Amino acid sequence: QVQLVESGGGLVQAGGSLRLSCTGSGLPFSSYAMAWFRQSPGKGREFVAAINWRSSTYYPDSVKGRFTISRDNAKNTVYLQMNSLKPEDTATYFCAADVAGARPMGATVMPSSYNYWGQGTQVTVSS
């Protein structure tokens, strides 16, 4: 049984930082691509960052230079370091795992490419 468990969310002031963690179990973690998405009320799930099995990383322009995704395969954990947070970063953040390991960028940003999801962790950035 595959499980992804996120942690590290919370309330932070604009300009602050948070580090999210996602620990996986029941899957060959090192061979999976991992990603973070976020979702605000009334909006669709938005791609935030991805790291493939070779540790190549991908970011949309909205977070590039502020967010960093990394993985520790020995701990079955993927991280999202978020700096210079803005109120518009407020959302529920989800981690996701893709059995494919690596995909073209167009597929990497699609929620439908991912096989497993965590339950989400709330990030709130106050102005």
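A residue counts as partly exposed when its relative accessible area lies between the under 20% of a buried residue and the over 50% of an exposed one. By that rule asparagine 76, with a relative accessible area of 25%, is partly exposed. The model described here is predicted.

**Nonpolar cores**
- The largest nonpolar core has 27 residues, and Met34, Trp36, Leu80, Met82 and Tyr93 touch the most other members.
- Two or more residues of this core come from each of β3 (18-25), β4 (33-39), β5 (46-51), β7 (67-72), β8 (77-82), β9 (91-98) and β11 (121-126).
- β9 gives the largest share, 4 residues.

**Cavity**
- There is 1 cavity of 30 Å³ or more in the structure.
- The largest cavity holds about 50 Å³ of space.
- Its lining is formed by Ala33, Met34, Ala50, Ile51, Asn52, Tyr58, Asp98, Ala102, Arg103, Thr108 and Tyr114.
- β4 and β5 are the elements that give two or more residues to this lining.
- By type, the lining residues are 7 nonpolar, 2 polar and 2 charged.

- Asparagine 76 sits in the loop between β7 and β8. Its phi is positive, about 50°, although the residue is not a glycine.
- Serine 55, in the loop between β5 and β6 (57-58), also is not a glycine and has a positive phi, near 70°.
- Serine 55 counts as partly exposed because its relative accessibility is 41%.

Notes:
Residues are numbered from 1 along each chain as its sequence is written. This is a predicted model: local features need pLDDT of at least 70, side-chain atom pairs count only at pLDDT 80 or more; totals for chains, interfaces and linings use all residues. Side-chain values use heavy atoms; hydrogens and water are left out. A nonpolar core is a set of buried Ala, Val, Leu, Ile, Met, Phe, Trp, Tyr and Cys residues joined through side-chain atoms within 4.5 Å. Buried means under 20% relative accessible area, exposed over 50%, partly exposed in between (1.4 Å probe, protein chains only). On a 1 Å grid over the protein atoms alone, a cavity is a set of points where a 1.4 Å probe fits but cannot get out, and a pocket is an open set with protein on both sides within 12 Å along at least five of seven lines; lining residues have an atom within 4 Å of a point. Grid points are joined across faces, edges and corners, and a volume is the space filled by probe spheres set on the points. Ala, Val, Leu, Ile, Met, Phe, Trp, Tyr, Cys and Pro count as nonpolar, Asp, Glu, Lys and Arg as charged, and the others, Gly among them, as polar.
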